[in-house]
Amino acid sequence: PKEAVPDPQRMAFHTFLQDIFYQQWFHLKDYANQKGIRIMGDIPIYLSSHSAEFYFHPELFQVDDQGRLTAAAGVPPDAFTAEGQFWGNPLYDWDYHRATGYDWWIRRIRHALDLYDLVRIDHFRAFDTYWKIPASCPTAVEGQWIEAPGYQVIDTLKEKIPDVNLVAEDLGDL
């Protein structure tokens, strides 16, 4: 079940803090850019189940009709961990994203490019395949590799944001 909305005074206080931060951030970014310094920001591919996106837009994720996770992110068992890693992050409903022309991704990357000159996406490989674990499982052992939309997302971003500057996490041989 979803938590109650925070009280208005607390929300106003945090909105104020965010406004001050953004003013300071953009001043710093402008200063750095004037000195020839480009800022790379890092965004995770996965969000938290406590994020505003998950709370207000559960349709973006693999959830049941009550808004609860049906599956979660992680990585399979390997030489370092016999149970794999169960991260618990919501997985995207790629059919929904495809049907909306990846609108949420376009808006997310545009916002990141307002903040940074180039954007590094952590766990970038999940655009290609991702480890899907049933939410009811205590470990990642019962997960499976699932194909993601891959270049379709990247091509859409490049079409809608022609000057997009993305950096993919380097996973070596992968």
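This report describes the strands, helices, aromatic rings and a few single residues of one predicted model.

## Basis of the description

Because the model is predicted, local features are given only where pLDDT is at least 70 and side-chain atom pairs count only at pLDDT 80 or more, whereas totals for chains, interfaces and linings use all residues. Residues are numbered from 1 along each chain as its sequence is written, and side-chain values rest on heavy atoms, with hydrogens and water left out.

Helices (H or I, at least four residues) and strands (E, at least two) are DSSP runs, numbered from the N terminus.

## The sheet

Strands of a sheet pair through backbone hydrogen bonds, and they may do so in a parallel or an antiparallel way. Here, four strands form an open sheet in the order S3-S2-S5-S6, with antiparallel pairing, where two strands count as paired if DSSP finds at least two bridges between them. Strand S3 (85-90) and strand S6 (144-147) are the edge strands, and each of them pairs on one side only. From one strand to the next, the twist averages 50°, an angle taken between lines fitted to C-alpha atoms in their N-to-C directions, on a scale from 0 to 180 degrees.

Strand S2 (residues 71-75) is joined to S3 by three bridges, and Gly74 has Phe86 as its bridge partner in S3. Between S2 and strand S5 (residues 129-134) there are four bridges, again in the antiparallel sense, and here Gly74 stands opposite Trp131. Four bridges also join S5 to S6, with Trp131 standing opposite Trp145 in S6.

## Ala71 in strand S2

Ala71 is found in strand S2 and is buried, with a relative accessible area of 1%; buried means under 20% relative accessible area, exposed means over 50%, and partly exposed lies in between (1.4 Å probe, protein chains only). Although Ala71 and Ala135 are 64 residues apart along the chain, their C-alpha atoms are separated by 4.3 Å. Leaving aside residues up to four places away in sequence, Ala71 touches Gln62, Asn89, Leu91, Lys132, Ile133, Pro134 and Ala135, where contact means heavy atoms within 4.5 Å.

## Helices and their packing

An α-helix has 3.6 residues a turn, so residues three or four places apart point the same way. In helix H5 (residues 151-160), the residues Val153, Ile154, Thr156 and Leu157 are buried. These residues cover an arc of only 160° around the axis, which puts them on the same side of H5; the arc is that of the directions from the helix axis to the C-beta atoms. Tyr151 and Glu159, on the other side of H5, are exposed. The buried residues of H5 pack against helix H3 (94-99), helix H4 (103-115) and strand S7 (166-168).

Helix H1 (residues 8-34) also packs with H4, at an angle of about 65° and with the axes 10 Å apart. That angle makes H1 roughly perpendicular to H4, given that angles under 35 degrees count as roughly parallel, over 145 as roughly antiparallel, 65 to 115 as roughly perpendicular and the rest as oblique. In this packing, Tyr22, Trp25, Phe26 and Lys29 of H1 meet His111, Asp114 and Leu115 of H4.

## Aromatic rings

Rings of Phe, Tyr and Trp (its six-membered ring) pair if their centres lie within 6.5 Å, and planes under 30 degrees apart count as stacked, over 60 as edge-to-face and the rest as tilted. By this rule there are 19 aromatic pairs. Tyr55 and Phe56 form an edge-to-face pair, with 4.8 Å from centre to centre and 80° between the planes; Tyr55 is partly exposed at 26% relative accessible area, whereas Phe56 is exposed at 56%. The rings of Tyr92 and Trp94 have their centres 5.4 Å apart and their planes at 55°, so this pair is tilted, and both residues are buried.

One aromatic cluster includes Tyr92 and Trp94, together with Tyr46, Phe54, Phe61, Trp87, Tyr102, Trp104, Trp105, Phe124 and Phe127.

## Two residues with positive phi

Most residues other than glycine have a negative phi. Tyr102, in the loop between H3 and H4, has a positive phi of about 60° although it is not a glycine, and Tyr102 is buried, with a relative accessible area of 3%. His123, in the loop between strand S4 (118-122) and S5, likewise has a positive phi, near 60°, but His123 is partly exposed at 27% relative accessibility.
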